[in-house]
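This briefing is intended for a reader who is meeting the structure for the first time. Please keep the sequence and the model in view while reading the points below.

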Amino acid sequence: MRNGSIPKVVVFTPTYHSSPGIRYRVDMMLEALRSRYDVRILKGDQEKAFRGIYRILGPIIIGQKPVWDLIGRRIAKQVMQARPDAAILITDVTAGAARYLTSKGVATFLSIEDLTPEWLGGTPSDGYTRMLRSLTESTEGVIAVSQGLREKLLSMGIDSCVVPPGLDKVVMSEEESLNRMIKGVSLVSSGKLQFKEEEQAFLEVCRRIDSIELWSYDQGRLAKRLKRRLRHVRWYSYPTLGDAIGELRQVPIGLLVRYRASCPTRIYLHASLLQPIIAIGDGWTGQVAHAGIGVVTKPEGVLESINGICERYARFVSNVKRFAGENLLEKAYKPLLDMLDSAL
């Protein structure tokens, strides 16, 4: 901290506009920190190229030390131009910047949302594990987006604190939420469909609920193809999260089809709308089941899941309300705020 002034914190993210999940995470982090710090978001200057390179070459380069060093030096140079007291690096692939920033006196934290090898459809190699573990030793601390991810990191020899994406407010009352069912059943799928397994699962869901109104987000690399096939789906896109919430708040049930993710941020969008969730995916679905905020199923079981939620709708809404309260920003980001306060 300089001369008693408000500490300056930079949040660096290599992807923002192309990833609604990361954008939500970063926006919530900014909102949580701005009451105590002078916070600025820095975005990677070649976002689309960065994502493309990792989709194609990621499995080859993710364990190579020169690649981590090259990316790290470039990120550190961009961050240092802002002259921060602290930096929060978003995603595991930014970890290479930690030692450069630390050497300049910047308190550096790493926020891990997913493990990149898993996002690419594989498993963490020994080289990746050693590299990430070594790089995190230069940080003041590591935060993980979920308990499940924290446990994976622990198995890799990396300790972390759980800081979920959280939500800034609940926009529906419990009474308003219950009244939605009067108009009948409808579902909203709130995020991009990115991978082949998500496309296949979504198509199977649509085949089984063709008589039920379904809203679906029309962005992402699979959207154009799906829109041609699924003309009965109500495709939507709004310029801001606030605009989307204004329209989607009247839909009673959320549909979340997601693979290769540790904690889809759209869980918290549905929570802010008090929408119980039908969860289709991999490890992250355990969070939905544990909190009682929805039903975990396979695509073939979607109708039974809808019926199960409708039969106990009031209970599910009550559970979602409790979950939302436990994940409001002040509570969700307390571990990160505590670490920043200690470092600054």
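Strand 8 (residues 213-217) is mostly covered, with four of its five residues buried; buried means under 20% relative accessible area, exposed over 50% and partly exposed in between, using a 1.4 Å probe and protein chains only. The model is predicted: local features need pLDDT of at least 70 and side-chain atom pairs count only at pLDDT 80 or more, while totals for chains, interfaces and linings use all residues. Residues are numbered from 1 along each chain as its sequence is written, and side-chain values use heavy atoms, leaving out hydrogens and water.

**Strands 7 and 8**
- Strand 7 (residues 186-189) pairs with strand 8 in the parallel sense over four bridges; two strands pair if DSSP finds at least two bridges between them.
- S186 has E213 of strand 8 as its bridge partner.
- Helices (H or I, at least four residues) and strands (E, at least two) are DSSP runs, numbered from the N terminus.

**The largest nonpolar core**
- This core has 116 residues, of which L33, I88, L132 and L336 touch the most other members.
- Helix 1 (residues 20-33) gives the most to this core, with eight residues.
- A nonpolar core is a set of buried Ala, Val, Leu, Ile, Met, Phe, Trp, Tyr and Cys residues joined through side-chain atoms within 4.5 Å.
- Leaving aside neighbours within four places in sequence, the contacts of I88 include V9, F12, M29, L33, F109 and L336; contact means heavy atoms within 4.5 Å.

- Helix 3 (residues 65-80) has 16 residues and spans 22 Å from its first C-alpha to its last, close to the 22 Å expected at 1.5 Å a residue.
- Its buried residues are W68, D69, I71, G72, I75, A76 and V79.
- R83 lies in the loop between helix 3 and strand 3 (86-90) and has a positive phi of about 50 degrees although it is not a glycine.
- R83 counts as exposed because its relative accessibility is 57%.

- R260, in the loop between strand 10 (253-258) and helix 12, has a positive phi of about 60 degrees without being a glycine.
- With 22% relative accessibility, R260 counts as partly exposed.
- R266 belongs to helix 12 (residues 266-272).
- R266 is buried yet has no salt bridge, and the nearest side chain of opposite charge, E198, is 5.9 Å away; a salt bridge is a side-chain nitrogen of Lys or Arg within 4 Å of a carboxyl oxygen of Asp or Glu.

Methods:
The expected span of a helix is 1.5 Å times one less than its number of residues. Lys and Arg count as positive and Asp and Glu as negative; His and the chain ends are not counted.
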